[in-house]
Amino acid sequence: MIIKLNTFLSYAVLGNSVLRYLNSIFIFLVGILAIRLLIRRIIIRLRGLAQKTTSVFDDFLIHLLESVAIPLLYLLVLYLALKNLILAGFLERLLNYLILALWIFFVVKTILEFINYGFKIYLRKQGGDVTLEKSLYGIMIVIKLIIWSGAIILFLDNLGFKVSTVVAGLGIGGVAVALAAQTILKDLFSYFCILFDHPFKVGDFIIVDDFMGTVEHIGIKTTRIRSLNGELLVFSNSDLTDSRLRNYKLMEKRRVVFKIGVVYQTPVSKLKEIPPLIKNIINNIPDTVFDRAHFFSFGDFS
């Protein structure tokens, strides 16, 4: 019986004995059980601790563990189980490439999760501005495109493709496109300046040179302003960032200058009483602040 069992365990299928297959299955099952029983319990305990705090960063880390760390652990267990087998040359290369692709996928996913979390924190600090949220969503699409493109190039490079020629060609083509579209790129960078520096927002009343109105839309290329006469003024973003702009929405106080004419026949004693008299009048009006009252100039009649 023992001899038959040994014979069965040593029986080879596709270059691997039955015993080696059983070892791989054992490694896989033990790893899965360890993840489900141990790691998940740790995460549940950490989630309970995170709910007791006011910080949102620990909640983000728990989400990252569940969405990235656990799948990576499953992948590691599968890799260890399969590496225990003797695989053909092309199968081993296929396994390595598959594992590499999955590792790159999860690394990119982690990077994007951190960037998305940073955008959410920034948006929360800005009071949940709807316009800013739409703008950040558009920027996130561009960031995803760039990062995933880099990840694909990295993967193809590890596969043995000569991507350096392609990258060099893309670099030359990028320079040509940048030179041809430098005005558009300037407006795009100006859009980022408006987005993050906040010289104005949608709904602000601004004055640019001789034009004035309320900001209705901030786009990637242009900003639209509704003038007091009702027409729509369209500015390129670079024009706005290069101009001296006055934002009346951010004005906390308005300074008003009054000029009072006093006839030349007024005696000096009366003139000295005018500044304190004006000061008392201004200070007795709610929400007003007195600055100063002084002699200004000699006029034609006063």
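Two aromatic rings of Phe, Tyr or Trp count as a pair if their centres lie within 6.5 Å. By that rule, a search of the whole structure, a predicted model, finds 7 aromatic pairs. The largest pocket has a volume of about 1400 Å³. The second largest pocket has a volume of about 470 Å³.

**Aromatic pair Phe211–Phe235**

- A pair of aromatic rings is described by the distance of the centres and the angle of the planes.
- The ring centres of Phe211 and Phe235 are 5.9 Å apart.
- Their planes stand at 75 degrees, over the 60 degrees cut-off, so this pair is edge-to-face.
- Phe211 belongs to strand E4 (residues 211–218) and Phe235 to strand E6 (residues 232–236), so the contact ties together parts 24 residues apart in sequence.
- Phe211 is partly exposed, at a relative accessible area of 43%.
- Phe235 is buried, at 12% relative accessible area.

**Aromatic pair Tyr264–Phe298**

- Tyr264 and Phe298 have ring centres 6.4 Å apart.
- The planes of Tyr264 and Phe298 are at 10 degrees, under the 30 degrees cut-off, so the pair is stacked.
- This pair links distant parts of the chain, 34 residues apart.
- Tyr264 sits in the loop between strand E7 (245–247) and helix H9 (268–283), while Phe298 sits in the segment after H9.
- Tyr264 is partly exposed, with a relative accessible area of 43%.
- Phe298 has a relative accessible area of 66%, over the 50% cut-off, so Phe298 is exposed.

**Aromatic cluster**

- Phe105, Phe106 and Trp148 form a cluster linked by ring pairs.

**Largest pocket**

- The volume of the largest pocket is about 1400 Å³.
- Its lining counts 33 residues.
- Closest to the centre of the largest pocket are Phe258, Ile278, Arg292, Ala293 and His294.
- The lining of the largest pocket divides into 19 nonpolar, 7 polar and 7 charged residues.

**Second largest pocket**

- The volume of the second largest pocket is about 470 Å³.
- The second largest pocket is lined by 20 residues.
- Closest to its centre are Asn116, Tyr117, Phe119, Lys120 and Met140.
- Helix H3 (57–83), helix H4 (89–125) and helix H5 (130–159) are the elements that give two or more residues to this lining.
- H4 provides the largest share of the lining of the second largest pocket, with 10 residues.
- By residue class, the lining of the second largest pocket has 12 nonpolar, 2 polar and 6 charged residues.

Definitions and conventions: Residues are numbered from 1 along each chain as its sequence is written. This is a predicted model: local features need pLDDT of at least 70, side-chain atom pairs count only at pLDDT 80 or more; totals for chains, interfaces and linings use all residues. Side-chain values use heavy atoms; hydrogens and water are left out. On a 1 Å grid over the protein atoms alone, a cavity is a set of points where a 1.4 Å probe fits but cannot get out, and a pocket is an open set with protein on both sides within 12 Å along at least five of seven lines; lining residues have an atom within 4 Å of a point. Grid points are joined across faces, edges and corners, and a volume is the space filled by probe spheres set on the points. Ala, Val, Leu, Ile, Met, Phe, Trp, Tyr, Cys and Pro count as nonpolar, Asp, Glu, Lys and Arg as charged, and the others, Gly among them, as polar. Helices (H or I, at least four residues) and strands (E, at least two) are DSSP runs, numbered from the N terminus. Rings of Phe, Tyr and Trp (its six-membered ring) pair if their centres lie within 6.5 Å; planes under 30 degrees apart count as stacked, over 60 as edge-to-face and the rest as tilted. Buried means under 20% relative accessible area, exposed over 50%, partly exposed in between (1.4 Å probe, protein chains only).
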